[in-house]
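The structure comes first, then the pairs one by one.

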Amino acid sequence: MVKTLYLMRHGQTRFNQLKRIQGVCDSPLTDFGIEQATKARDYFQELGLDFAVVYSSTQERAVDTAEIASGRKDIRRLKGLKEMDFGTFEGQSETLNPPLTPGIGYGDYFVQHGGEDSMAVRERMVTTITEILKQHQDGEKILVISHGASIAQFYRGVMDNPPQVRMSNCAILKFNVNVDRFCLQFIFNPINQEYLYKTEKP
């Protein structure tokens with residue numbers, strides 16, 4: 001049997017709405033962000049999902065999303081699931097972001113500005129989620145709430161041909177996990193009720 005990982009981005013925040021760079025800095029969910037998380041909860045309920053454990057990054061926007069989407073308060077918070085650190089760019093306009101390199105992200109651009117290397121984010125996300133899954137039995141379903149850049153680095157780290165998808169707020173990724181092999185089944189937007197990505201395999 002396999003384990004099932006549902007990996008989800010947090011709902012829209014005030015900084016998302018204002019198009020400001022938001023990594024280690026935090027801002028609260030907007031009303032729309034709360035609606036997104038509520039729609040995710042509705043989706044999980046429609047599927048009849050019973051999560052063994054719900055994990056979240058330690059950041060407020062992720063924890064709040066986790067509580068709303070799961071309907072639970074016993075969220076396990078892990079620093080390894082936090083968003084990328086953008087250094088002195090934190091809180092600034094998103095127009096200041098450098099171009100993304102396909103398959104890599106921002107690389108080490110933000111290191112010179114006191115931030116984090118994209119490959120370091122990839123390593124800590126893969127390590128953290130792998131360690132989470134080691135604690136669970138085959139057949140269990142796990143929900144993990146994290147952040148856009150961190151999630152993108154994770155699936156780039158565990159997939160040979162990761163999809164080129166812009167991660168919408170509260171996008172839900174479903175992985176079937178067999179030992180250390182991660183098979184992405186889909187990426188779903190609960191607000192628009194649409195698949196951003198879906199595997200062609202049965």
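How many salt bridges does the rule give? The count comes to five salt bridges, where a salt bridge is a side-chain nitrogen of Lys or Arg within 4 Å of a carboxyl oxygen of Asp or Glu.

## Basis

The model is predicted: local features need pLDDT of at least 70, side-chain atom pairs count only at pLDDT 80 or more, and totals for chains, interfaces and linings use all residues. Residues are numbered from 1 along each chain as its sequence is written, and side-chain values use heavy atoms, with hydrogens and water left out.

## D26 and R61

One of the salt bridges joins D26 to R61, with the closest N and O atoms 2.8 Å apart. This pair links distant parts of the chain, 35 residues apart: D26 lies in the loop between α1 (14-18) and α2 (31-47), and R61 in helix α3 (residues 60-70). Helices (H or I, at least four residues) are DSSP runs, numbered from the N terminus.

Accessibility is classed as buried (under 20% relative accessible area), exposed (over 50%) or partly exposed (in between), with a 1.4 Å probe and protein chains only. D26 is partly exposed at 28% relative accessibility, whereas R61 is buried at 0%.

## Two further pairs

E116 and R124 form a salt bridge with an N to O distance of 2.9 Å. E116 is buried, with a relative accessible area of 18%, and R124 is likewise buried, at 18%.

K73 pairs with E67 in a salt bridge at 3.3 Å, N to O. K73 counts as exposed because its relative accessibility is 67%.

Definitions and conventions: Helix = DSSP H or I, 4+ residues; strand = E, 2+ residues; numbered from the N terminus.
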